Amino acid sequence: MTELTRPRRTVLGLVVITAGCAVVAVLTANSVIDTIVGLPFFLYLPGAALVWAVDPHGRRVSGWQRLVWSIGASIGLVILGGLALNLIGGLTRPHWLVLVAAVVVVLAVVAWVRGSPLPSGEAAVSGFEPSSEASAEEGRIRSISVRQGALLVGALAVVAGSLVLSLHSGAVTSREHFVQAWILPQPQANPWSTTAQTGITNHEGASRTFVVLEAVGKATATQQVVVTQQVVALGDGQTWVHKLTRKPGQTVRVTVALSSRPDQVLVSVNLARPVS
Amino acid sequence: LPELALAMACGAAIVAVAFAGSRSSTSWAKNLYWVGQVTIYAIPAAFLLFRRSILKVEAIGIALLMPITSYLVLLYYSPTQFRFLDEFGHVQTAQAILSTHHLFHVNTYLVPSPQFPGLEIVTTAIVDVTHLSITGAGLIVAGVAHVLAGLCLYFIVAEVTGKPRISALAAVIFATSPHYQFFDSYFIYETIAIPFLLLAILAVVKMFKAEGRVANAWGVVAIACGAVTAVSHHVTSYMLLGLLFAFCVAQLFLPRPQRDWRVLAILVATAAMVAGWDLKVATDTIAYFKPEFEIVLGHHTAARSALIGARSSATPGKHAVSGNPPLFDTTMEYVSILLLMVLTVIGFRQVWATRRTGRQIAAVGLALASLGIFAVVGARGVAGPLLAARSLTFALIPVSFVCALALGDRLRQGSGSSEHTRKRRWVQRTPVIATVIVVAIAIGGITGGYPNFYSRMPGPFLMGAWERSVDSHNVDAATWAAERMSPNNGVASDFFTGQIMDAVGHQSSRRNIADLFLSLEYTNSDRALVRHQHVAYVVIDRRITKLLPTGGFYFADDPGKGLYSTPLPAVAIDKFETVPGVSRVFDDGTIVIYALKGSVSKS
């Protein structure tokens, strides 16, 4: 029961890695580290533990097929685990960490029990699967030569270079430059509302300074239009929001222009006087 | 193998350069794209068909490299953003799970998406722990599932034939499916379900080869994989039932000692799970498919034709945009299907001839299922090329097996016969011909699949062009709507803007609203339409007045589909500026949103 067979060593390793991933995920808030520990945590470890529990000596599946079953089983366990979490407490980060860690530990215990030494005469299978086909098509790659290693590195470099090219050309040539402006009565469903929210978001791809003109007035023929001007500096992606008030039925018009060309209106929005 | 990896990476890199060229509107991009695509398929096919012996690790390497390379093509097309409308629907489901920590919400774009939450469960779990964006985690999950599917198919054929060459060739042929490169790797629920369908089949095949308790255990594994498929995607689970049914039917054609009726138990158990899920949990599934059934049965087509006939007095102009693919695309698509059908017949006959020798349940089952390609061809005539292309994803699982047998086994048999010089010449040419056949099938698959011919290359915005109609204007406008507007407002817009407003903006776009945009003045009938359809906002992409609809239509149920020879006149959208009570609540210079609430009198 205590002999450290290959399956037992492996599941022990799986438990240690799972615990390590869970602890690191709890302790850090760094997205790169979280990604490094989170992906195997969900996409490999629980399925690998299941495969080792079901087939500790690699007699049913081995080699690449074992890897495929491990990844498939991981995704399947996460999906079924998600359905279970939905019933018992919700799909939250702590629940996921506890669930996956618990699944791995339970399966590791099963694998430990079933991973006892094989009776003499029975051999565990390791490496690539034995095949029933002609020996001409048998074969394994036991080591990689320097040339082969260089070719693989070259392939990775080509992939990385292509990805950088795609990111660059996608960002540069497809990038749209614009500014969003909006005005919404508060609450939105009431066009007679006396308060409204107006705002702009800068999508110009760089910091810009805008001139925002708000013209409120003309609910009746005698009312004067009150115009206020604001100068707003926004970084790319930043939003400016402003709350304004009006009398019932008063129209509001908001125009936005670049401070460098205040006479050229980029966008404009308005609240009309609702029909009775 | 490293040479292969480098060569296939170079093929994908050529496609990436072509995409970059297309983004800059260069003339050579399209030709270079085809050079890259031919490289991606020709190199592994030629390697498998020309080499005298194939190492198992080389065969597995090709089965691994093929989906990786095809996924790279998708990444190179759009490395940072989803482009397919349905992907945004699944993003909405994932957002709802992340914000509420529970499943089964209402989705304003893709109603069944929350009811088949497999994809979103895995994605949100990764987002929860890694803090990646939904797009980042989704790309990883979809990529892993895509590669898993390619490897699963390899192992299925490897278990059935025991031949790495045939297995890897099947994986390459499977990769020629019309939707393999894009649709089957998008962030959509089918992507996560396909590997589980294949894992279920792999478990069944291993069950056939095992005996006693081990066979029972593989049966349980198959049912478990069926369960994950059932909760992940409706159509994939139905296709799994179809494949299991083919295995049951195959028993009837085999000698009694060869039969294994455990597969019937798996079929019944899986069918019960699928029915239970679809009837008790995914209760919107039937309603979702009803229009599709009506199209297949002809009812919907008739109704739509009547509608168009009643509304449209226009006739197609000389320069009308039809949205139909060019002759080359259509020809290659037909050639591809024809080649697949011929190879299927040849491969089927090979399996059928040897069905009584050894344990052949899985081979006969797959061969019987491969005849489904003829049903797909029939479906193309009834339901159109879109449904047929989507069905080919599933049909190609067994078809790739028999086609690989037809191409690979013939080659092996031929290489041993050297009696007649003429025959030897033919044999020497066979690898060339077989490689050309695989490449032709692949080209036909690409021309028949997504993205459509007009959006096959990335580039500037096009009107009504699916992947090319998603840009920062409409996505950011929809994001603004999700953040600033209440959900589920009735929206009238062109088809693509409306769909993005639904999926990203959580609004509810209306169909049959084309008249609102096709009239030059805001008439009483427009008012009635707004009231009848509960339209609260009109969302206008101004490019509708500058660009023709590449796919042939601007609107859902567009009466002018295939008839447009000029863009809509500006007056057709400017009319909203002068309607009393209508407010222009959003403007980004391209997208304008009008609120109609104030224009509708309380009376």
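First, the ground rules. This is a predicted model, where local features need pLDDT of at least 70, side-chain atom pairs count only at pLDDT 80 or more, and totals for chains, interfaces and linings use all residues. Residues are numbered from 1 along each chain as its sequence is written, chains are lettered from A and ligands numbered from 1 in the order written, and side-chain values use heavy atoms, with hydrogens and water left out.

Chain A, then. It has six helices and seven strands, taken as DSSP runs (helices H or I, at least four residues; strands E, at least two; numbered from the N terminus). The order along the sequence is α-α-α-α-α-α-β-β-β-β-β-β-β. Chain A has 276 residues, and 42% count as buried, meaning under 20% relative accessible area with a 1.4 Å probe, protein chains only.

Now the interface. 85 residues of chain A are in contact with 92 of chain B; contact means heavy atoms within 4.5 Å. The buried area is about 7,600 Å², with carbon and sulfur atoms giving 68%. That is accessible area (1.4 Å probe) lost when the two parts are put together, summed over both.

How many salt bridges are there between chain A and chain B? One. B:Glu3 and A:Arg147 form it, at 2.9 Å, N to O. The definition is a side-chain nitrogen of Lys or Arg within 4 Å of a carboxyl oxygen of Asp or Glu. On the chain A side, helix 2, helix 4, helix 5, helix 6, strand 1, strand 2, strand 5 and strand 7 each supply at least two residues. Helix 6 gives the most, with 16 residues.

Next, salt bridges overall. B:Lys209 pairs with B:Glu159 at 2.7 Å. B:Lys209 is in helix 8 of chain B and B:Glu159 in helix 6 of chain B, so the pair ties together parts 50 residues apart in sequence. B:Glu159 is buried, at 12% relative accessibility.

B:Arg543 and B:Asp541 meet at 2.9 Å, and both are buried.

Last, helix 15 of chain B, residues 361-370. 10 of its 10 residues are buried. Among them are B:Ile361, B:Gly365 and B:Ser370.

Conventions. Buried < 20%, exposed > 50% of the residue type's maximum accessible area, 1.4 Å probe, protein only.
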